[in-house]
Amino acid sequence: MTLFGCLLIIIFLIAYEKRKNSKLSEEESRKFWEKESMANLTPSKDLSGLNYIDISFSTLPFDPNASGEFLAIQKELELLKDRKFVNLTGYTNTDLKLTYGRANLDLLSSYDQNFTLLTRGLHKWGTLLYEAERLSEAQTVFETSIACGTDVSKTYTTLAELYVKTEKTEKIKSLIDSAQTIHTVIKEATIKELERISASCYFLS
């Protein structure tokens with residue numbers, strides 16, 4: 001086969017792939033806008049069945065004498081006390097509108113944002129306590145965040161390290177079980193790190 005013939009075949013294959021990808025893109029776009037149109041017409045649904053997260057702020061180790069970063073994060077969390085929390089990770093706006101109605105989207109988004117503020121805040125507070133060697137308080141904060149269903153990977157791994165430090169390595173198994181339920185792109189990496197920490201404990205014992 002001549003060089004010119006090879007070039008013609010390559011050009012043909014490239015053109016074919018472009019047309020195929022273009023058709024796929026057009027089909028995906030059509031399906032998306034059909035779904036979005038249906039979502040925008042979905043009537044409002046009752047939100048009482050949502051998986052609201054119940055957190056008891058009274059069990060958290062708020063320090064009335066806190067200062068600096070500790071005081072700042074405590075104030076941030078106290079502002080969340082009367083809000084509602086729902087973890088909607090993994091749902092697109094279109095999914096939410098289809099399920100609960102377009103009119104509820106802003107409210108649902110606020111519930112999800114509250115959840116994000118809560119779990120990020122608890123992680124920051126727990127980390128500050130951990131670094132200050134206030135391990136019992138850090139454990140309480142981290143475990144509260146885990147119970148809320150946090151998807152902050154470092155909350156799981158830092159708590160596992162805390163368990164190692166306080167000789168409570170048997171608790172790491174429950175952490176791995178909890179991590180199996182989270183919805184995040186780094187879920188598998190989080191589980192692998194927890195398993196590594198757990199395995200290292202057996203190796204050292």
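## Salt bridges and helix packing

At 47% relative accessibility, Arg-196 counts as partly exposed, because that class lies between buried (under 20% relative accessible area) and exposed (over 50%), with a 1.4 Å probe and protein chains only. The model is predicted: local features need pLDDT of at least 70, side-chain atom pairs count only at pLDDT 80 or more, and totals for chains, interfaces and linings use all residues. Residues are numbered from 1 along each chain as its sequence is written, and side-chain values use heavy atoms, leaving out hydrogens and water.

**Salt bridges**

Side chains of opposite charge can pair when their charged atoms come close. A salt bridge here is a side-chain nitrogen of Lys or Arg within 4 Å of a carboxyl oxygen of Asp or Glu. The count comes to 6 salt bridges. The table shows some of them.

| Pair | Closest N to O distance |
|---|---|
| Arg-196 and Glu-193 | 2.8 Å |
| Asp-63 and Arg-134 | 3.9 Å |

Asp-63 lies in the loop between H1 and H2, and Arg-134 in the loop between helix H4 (105-131) and helix H5 (135-147), so this pair ties together parts that are 71 residues apart in sequence. Helices are DSSP runs (H or I, at least four residues), numbered from the N terminus. Asp-63 is partly exposed at 23% relative accessibility. Arg-134 is partly exposed too, at 25%. A network of salt bridges links Asp-63, Arg-134 and Glu-137.

Glu-133 sits in the loop between H4 and H5 and Lys-165 in helix H6, so the pair ties together parts that are 32 residues apart in sequence. Glu-133 has 48% relative accessibility and counts as partly exposed. Lys-165 has 45% and counts as partly exposed.

Where do Arg-196 and Glu-193 lie? Both are in helix H8 (residues 187-204), 3 residues apart, about one turn of the helix. Glu-193 is partly exposed, at 26% relative accessible area.

**Thr-157 in H6**

Glu-193 also touches Thr-157, as do Leu-194 and Ile-197, not counting residues up to four places away in sequence. Contact means heavy atoms within 4.5 Å. Thr-157 is found in helix H6. Is Thr-157 buried or exposed? At 6% relative accessibility, Thr-157 counts as buried. Its side chain reaches the backbone oxygen of Lys-154 at 3.4 Å.

**H6 against H7**

Two packed helices are described by the angle between their axes and the distance between the axes. The axes of H6 (residues 153-165) and H7 (residues 172-179) come within 10 Å and cross at roughly 170 degrees. The two helices are therefore roughly antiparallel to each other, a label for angles over 145 degrees. H6 brings Tyr-156, Leu-159, Ala-160, Tyr-163 and Val-164 to the contact, while H7 brings Ile-172, Leu-175, Ser-178 and Ala-179. By class, this contact has 8 nonpolar, 1 polar and no charged residues.

**Phe-62 in a loop**

Phe-62 lies in the loop between helix H1 (3-40) and helix H2 (68-78). Phe-62 counts as partly exposed, at 21% relative accessibility. Which residues does Phe-62 contact, leaving aside its neighbours within four places in sequence? They are Phe-57, Gln-74, Leu-77, Glu-78 and Trp-125. Phe-62 and Ile-73 are 11 residues apart in sequence and 10.0 Å apart in space, C-alpha to C-alpha.

Methods. Axes fitted to C-alpha atoms, helices over the stretch in contact; angles between N-to-C directions. Parallel < 35°, antiparallel > 145°, perpendicular 65-115°, else oblique. Nonpolar A, V, L, I, M, F, W, Y, C, P; charged D, E, K, R; others polar. Polar contact = N/O pair within 3.5 Å; in protein donor to acceptor, adjacent residues only side chain to side chain.
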